[in-house]
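Biologist: I would like to learn how to read side-chain features in a protein model, going slowly and one feature at a time. Could we look at an example together?

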Amino acid sequence: MEVQNDGLVRGGGTGKDFQNIAFYSFIIDSLPVGVITVSPEMKVTSFNRWAGRITGYSEQEALGRYCGGVLQGGMCKTNCPLKKAINRHHPEVRVDSTIKNRRGEIIPVRMNTAALLDDNGNLIGGVEAFQDISRLKTMEREKDNLISMFAHDMKSSLTVIGGFVLRLIKKSGQIDEEKQKEYLGIIRRESGKLESLVSDFLEFSRLQAGRLKLNLSATSLDKELMELSDAYQLKASQSGLRLELKNEEELPVIICDSNKMLRVFSNLLDNAIKFSKDKGTITISTHATPDEVIVEVKDEGIGIDPDELPYVFDSFHRGRGAEQKEGFGLGLASVKAIVEGHGGRITVESEPGKGSVFSVILPKTRQPQALPVIVTDGIGGGF
């Protein structure tokens, strides 16, 4: 197999070349890049180990299936770069898109594709190499969101504070006591916003550094969720909403930080109330599998745009519809960090105008954390 100057991959070669095919296969399998090859009909003919790691499928599960059925790429149905490379016999280099793994998680990827041609120029298939660029995309978005958020929120509050302070200084003798108290109240409110912003940013810094402390103990999620549901009934009713808890089967006791998990579900309920429509229903439901405990928080609210779904757990991300709501976009990032710190995961499904479902999946038996965690068994902890 040779790579020609035009960037196309062509088969052929001497018998000696094919003696090294096992070595070539070893190299491809060892690359920290997903590599798949397909037939001209777009069916998977090879699937390296890293492709399996990114997608969650084994080579045996992928072989013979249509490429789009395995990768479920964001461009598969509209402008598939691999199909384009095969049809044009021209490589497509550095295309950013997404794939969906077998757990339904959307993963940003950077891919390169090329047609596979034999020595006579006949098409024998295509090859695609792709990298998970989730971390890179997250950092880019966080940087953009951070700059935008600070530029807007800090300037807004500082402008208000500065304006009213200037009035008090210049017209102190002309402003009656009641008006002065009103101005000071506005200054205090805006300074509180700035304090909240700084606190959220410090928490964000701790999350980025992986300094998540867990005080682990045996916890009954049934008890915690019942108490939380009771506590939120009044808040929900004041917003014109119904809150229901559906936990018909008893959940097993798990080892977790009960305060942190309470924070997870409180945040999800706060969001559900914030983005729900009047007279809607918020439902907390639970069930267990042989290995996991699953808690779902479902609302009938405004929903999340499909383009926003991959980014809802990013720090400082605020999607469309959240502009007029309080907060700085750190709640779901904290939720994700806490859940992953317990060895679990969180997913979201949503449809604009129909609501969202956030699912917290926790292992019954404690698993290795996806994030550096400091475990303490004394009093304290937290961010």
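This is a predicted model: local features need pLDDT of at least 70, side-chain atom pairs count only at pLDDT 80 or more; totals for chains, interfaces and linings use all residues.

Biologist: How many aromatic pairs does a search of the whole structure find?

Modeller: The search finds 2 aromatic pairs. In one of them, the rings of Phe-164 and Tyr-183 have centres 4.9 Å apart and planes at 55°, so this pair is called tilted.

Biologist: Where in the chain do Phe-164 and Tyr-183 lie?

Modeller: Phe-164 belongs to helix H7 (residues 134-170) and Tyr-183 to helix H8 (residues 177-209), so the pair ties together parts that are 19 residues apart in sequence. Both Phe-164 and Tyr-183 are buried.

Biologist: At what angle are the ring planes of Phe-313 and Phe-358?

Modeller: The planes of Phe-313 and Phe-358 are at 85°, with the ring centres 6.2 Å apart, so this pair is edge-to-face. Phe-313 sits in the loop between strand E13 (292-298) and helix H11 (331-341), while Phe-358 is in strand E15 (residues 355-363), and the two are 45 residues apart. Phe-313 and Phe-358 are both buried.

Biologist: Which charged residue sits over the ring of Phe-164?

Modeller: That residue is Arg-167, whose charged end is 4.7 Å from the centre of the Phe-164 ring. Elsewhere, Arg-65 lies over the face of Tyr-57, at 5.2 Å from the ring centre.

Biologist: How many salt bridges does the structure hold?

Modeller: The general idea is that side chains of opposite charge can pair when their charged atoms come close. The structure holds 13 salt bridges, among them one between Glu-227 and Lys-223, with the closest N and O atoms 3.1 Å apart. Because they are 4 residues apart in helix H9 (residues 221-238), Glu-227 and Lys-223 are separated by about one helical turn.

Biologist: Which parts does the salt bridge of Asp-270 and Lys-235 tie together?

Modeller: The closest N and O atoms of Asp-270 and Lys-235 are 2.8 Å apart. Asp-270 lies in helix H10 (residues 258-274) and Lys-235 in helix H9, so the bridge ties together parts that are 35 residues apart in sequence. There is also a network of salt bridges that links Asp-96, Arg-110 and Lys-137.

Biologist: Is Thr-281 buried or exposed?

Modeller: Thr-281, in strand E12 (residues 281-288), has a relative accessible area of 13%, and because buried means under 20%, Thr-281 is buried. Leaving aside neighbours within four places in sequence, Thr-281 is in contact with Arg-242, Glu-244, Lys-298, Asp-299 and Glu-300.

Technical notes:
Residues are numbered from 1 along each chain as its sequence is written. Side-chain values use heavy atoms; hydrogens and water are left out. Buried means under 20% relative accessible area, exposed over 50%, partly exposed in between (1.4 Å probe, protein chains only). Contact means heavy atoms within 4.5 Å. Rings of Phe, Tyr and Trp (its six-membered ring) pair if their centres lie within 6.5 Å; planes under 30 degrees apart count as stacked, over 60 as edge-to-face and the rest as tilted. A charge sits over a ring if NZ of Lys or CZ of Arg is within 6 Å of the ring centre and within 35 degrees of the ring normal. A salt bridge is a side-chain nitrogen of Lys or Arg within 4 Å of a carboxyl oxygen of Asp or Glu.
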